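Here are my notes on this one, as numbered points. Have a look at the model first, then read on.

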Amino acid sequence: MFRSRSKDQQAAPAKATADQPQQPRDPQAPKGRPTPKRSDAQSQRRSRASTPTNRKDAAKAQREARRADMARQREALASGDERYLPVRDKGPVRRFARDFVDSRWCVAEFFLPMAVVILVLTMVRVPKIQTIALLLWLVIIVLIVLDSVLIWVRLGKQVRERFPNENAKGVKAYAVMRTLQMRRLRLPKPQVKRGERP
């Protein structure tokens, strides 16, 4: 009854604990990963220290980051750099649509200059000139509609052929809206010359 246990009896509980699955690690237990180098730890501390401590500083930092992003986007719109373009202009399909529009003459891009000329003609007090101005309005609108329909159909066909697996949703409307801008004012800037095939 009071005698010491044999070595076999002492070994049995040790085997039983080894066969049981391990418990999840306690948060206070050792971390189970190597200690970071001093330089890494100091750089992490510096980055943590540079984070703003109050709402005013946080809002200021957020404004600065937004301003930097907008400046990067403006540069990308001017240069055509795909990495920093806005989401609406990104992707190979959108790039093809831009090149498709920029490589040709469009009636809609001359709408603004023609509109100014027609408005001047309507102010003249001669009835024949006013009638001509109204006819010009009608002709320009019909030509813009026909040109837009032509672009819509041709671009849709070419996008289906070239990019069968890409998402082409909204590309035709994107291209038609681009035709309404004068070539010089288009963003992203045109990357192809007129007459070049995209």
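1. Let's start with a side chain: is R178 buried or exposed? This is a predicted model, and in it R178 counts as buried because its relative accessible area is 3%. A charged side chain in such a place makes one look for a partner, and the next point names that partner.

2. The side chain of R178 meets that of D102 in a salt bridge, at 2.9 Å from N to O. R178 belongs to helix α7 and D102 to helix α4, so this pair ties together parts that are 76 residues apart in sequence. D102 is buried as well, since its relative accessibility is 1% and the cut-off for buried is under 20%. As a general point, side chains of opposite charge can pair when their charged atoms come close.

3. D102 has another salt bridge, this one with R186, where the closest N and O atoms are 2.8 Å apart. R186 sits in the segment after α7 while D102 is in helix α4, so here the pair ties together parts that are 84 residues apart in sequence. Both D102 and R186 are buried. Zooming out, a network of salt bridges links D102, E109, R178, R186 and R194.

4. Now for R104 and D147: their side chains form a salt bridge too, 3.1 Å from N to O. R104 is in the loop between α4 and α5 (111-123) and D147 is in helix α6, so the pair ties together parts that are 43 residues apart in sequence. Again, R104 is buried, and so is D147. Over the whole structure, the search finds 8 salt bridges.

5. What about the overall layout? The chain has 7 helices and 0 strands, so to read the elements from the N terminus on is to read α-α-α-α-α-α-α. Of its 198 residues, 21% count as buried.

6. On the nonpolar side, the largest core has 13 residues, and F96, A97, L155, V159 and V171 are those with the most contacts inside it. Which elements give two or more residues to this core? They are α4 (92-102), α6 (127-162) and α7 (171-179). Of these, α4 gives the most, with 5 residues.

7. T179 is placed in helix α7 and counts as buried because its relative accessibility is 2%. The C-alpha atoms of T179 and R98 are separated by 9.3 Å, though the two residues are 81 apart along the chain.

8. Check the backbone between L187 and P188: the peptide bond there is cis, with omega near -10°. P188 is in the segment after α7, which is also where R186 lies.

9. Two surface patches to finish. I141, V145, V149, W152 and V153 make a nonpolar one of about 460 Å². Among them, V149 lies in helix α6 and is partly exposed, because its relative accessible area is 49%. The other patch is positive, formed by K56, K60, R63 and R66. One of its members, K56, is in helix α3 (residues 55-79) and counts as exposed because its relative accessibility is 68%.

Notes
Residues are numbered from 1 along each chain as its sequence is written. This is a predicted model: local features need pLDDT of at least 70, side-chain atom pairs count only at pLDDT 80 or more; totals for chains, interfaces and linings use all residues. Side-chain values use heavy atoms; hydrogens and water are left out. Patches are made of residues with over 30% relative accessible area and no salt bridge: like charges are joined within 9 Å, nonpolar side chains (Val, Leu, Ile, Met, Phe, Trp, Tyr) within 5 Å. Accessible areas come from the Shrake-Rupley method with a 1.4 Å probe; for residues, only the protein chains shown count as cover. A salt bridge is a side-chain nitrogen of Lys or Arg within 4 Å of a carboxyl oxygen of Asp or Glu. Lys and Arg count as positive and Asp and Glu as negative; His and the chain ends are not counted. The place of a charge is taken as NZ of Lys, CZ of Arg, CG of Asp or CD of Glu. Helices (H or I, at least four residues) and strands (E, at least two) are DSSP runs, numbered from the N terminus. Buried means under 20% relative accessible area, exposed over 50%, partly exposed in between (1.4 Å probe, protein chains only). A nonpolar core is a set of buried Ala, Val, Leu, Ile, Met, Phe, Trp, Tyr and Cys residues joined through side-chain atoms within 4.5 Å.
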